[in-house]
Amino acid sequence: LDRMRMIQDAHEIEILRRNGKLSSKAVIEAMRATRPGAMEYELEAAAVAHILKNGAAGPAYAPIVGSGPNSCVWHYNRNHRKMQAGEVVLMDFGADLNHYAMDITRTWPVSGKFTQEQREAYKVALEVQKACIDAYRPGVTSQDVRDHVAEVMKEKGIDPRGLTGGIGHYVGMATHDVGPRGVPLQEGMVFAIEPGLYYPEKELGIRIEDTVLITADGCEVLTKDVPKEIDEVEALLAQRKMK
């Protein structure tokens, strides 16, 4: 049964694609709801409202909205803190659509602009994630992905700050779905990839996560509709109506 769940068929892929778009728009709605002084749960409410209005059963897992020090807490889900200017907020969210899950994480500045320190850490996590996605294709192993990430970081002259890349967790009927670890990638597999950097002493956590489908000659990013390039994130936040 685990191996049956490991490879998604055409019907399952169609649901996952729809969920990727739905969950992406929900995260965008949360980004638009962000402002200094807002509560973390207001972002959760914006995202949940969007998926419920559009046919989802609810979140696929307890939404994570961590600002400031909470951005460094894995699986934090109390979402009860007031967000402050100058800090980041990390949101990990996905919908349950027709019994199939999605998994997205984005990190963005509460004030709308990354500080230089935040920007530098964000760029490292983003470049590692993009290198992982670039390496995903049938036949590839975790070691192959790590080797590719190391090569890309060296070519770009970027210190990966300990991030090595690899193959993330399966996504399907559960957010962390079942399936054997360490096997080469196959067409029809769906994974989340989520590199992150965490500096509790600075109250700064950065994680960028997308869900990807392994295709015949590479991979398809199911959650590509959520901005993740620094300029795109800041441009979206600039469109907010601050209350």
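**View 1. Phe-114 is a buried residue of this predicted model.** The relative accessible area of Phe-114 is 7%, which is under the 20% limit for buried residues. Tyr-122 is also buried, at a relative accessible area of 0%.

**View 2. Three aromatic pairs occur in the structure, one of them between Trp-74 and Tyr-198.** The ring centres of Trp-74 and Tyr-198 are 5.7 Å apart, and with 55° between the planes the pair is tilted. Trp-74 belongs to the loop between β2 (64-67) and β3 (88-93), while Tyr-198 is part of strand β9 (residues 196-199), so the contact ties together parts that are 124 residues apart in sequence. Trp-74 is partly exposed, with a relative accessible area of 44%. Tyr-198 is likewise partly exposed, at 23% relative accessibility.

**View 3. Phe-114 and Tyr-122 form a tilted aromatic pair.** The distance is 4.9 Å centre to centre, and the angle between the planes is 45°. Both partners are buried: Phe-114 has a relative accessible area of 7%, and Tyr-122 has one of 0%.

**View 4. The charged end of Arg-207 sits over the ring of Trp-74.** The charged end of Arg-207 is 4.8 Å from the centre of this ring. Trp-74 is also the aromatic partner of Tyr-198, and its position is in the loop between β2 (64-67) and β3 (88-93).

**View 5. The charged end of Lys-202 sits over the ring of Tyr-199.** Here the charged end of Lys-202 lies 5.5 Å from the ring centre of Tyr-199.

Notes
Residues are numbered from 1 along each chain as its sequence is written. This is a predicted model: local features need pLDDT of at least 70, side-chain atom pairs count only at pLDDT 80 or more; totals for chains, interfaces and linings use all residues. Side-chain values use heavy atoms; hydrogens and water are left out. Rings of Phe, Tyr and Trp (its six-membered ring) pair if their centres lie within 6.5 Å; planes under 30 degrees apart count as stacked, over 60 as edge-to-face and the rest as tilted. Helices (H or I, at least four residues) and strands (E, at least two) are DSSP runs, numbered from the N terminus. Buried means under 20% relative accessible area, exposed over 50%, partly exposed in between (1.4 Å probe, protein chains only). A charge sits over a ring if NZ of Lys or CZ of Arg is within 6 Å of the ring centre and within 35 degrees of the ring normal.
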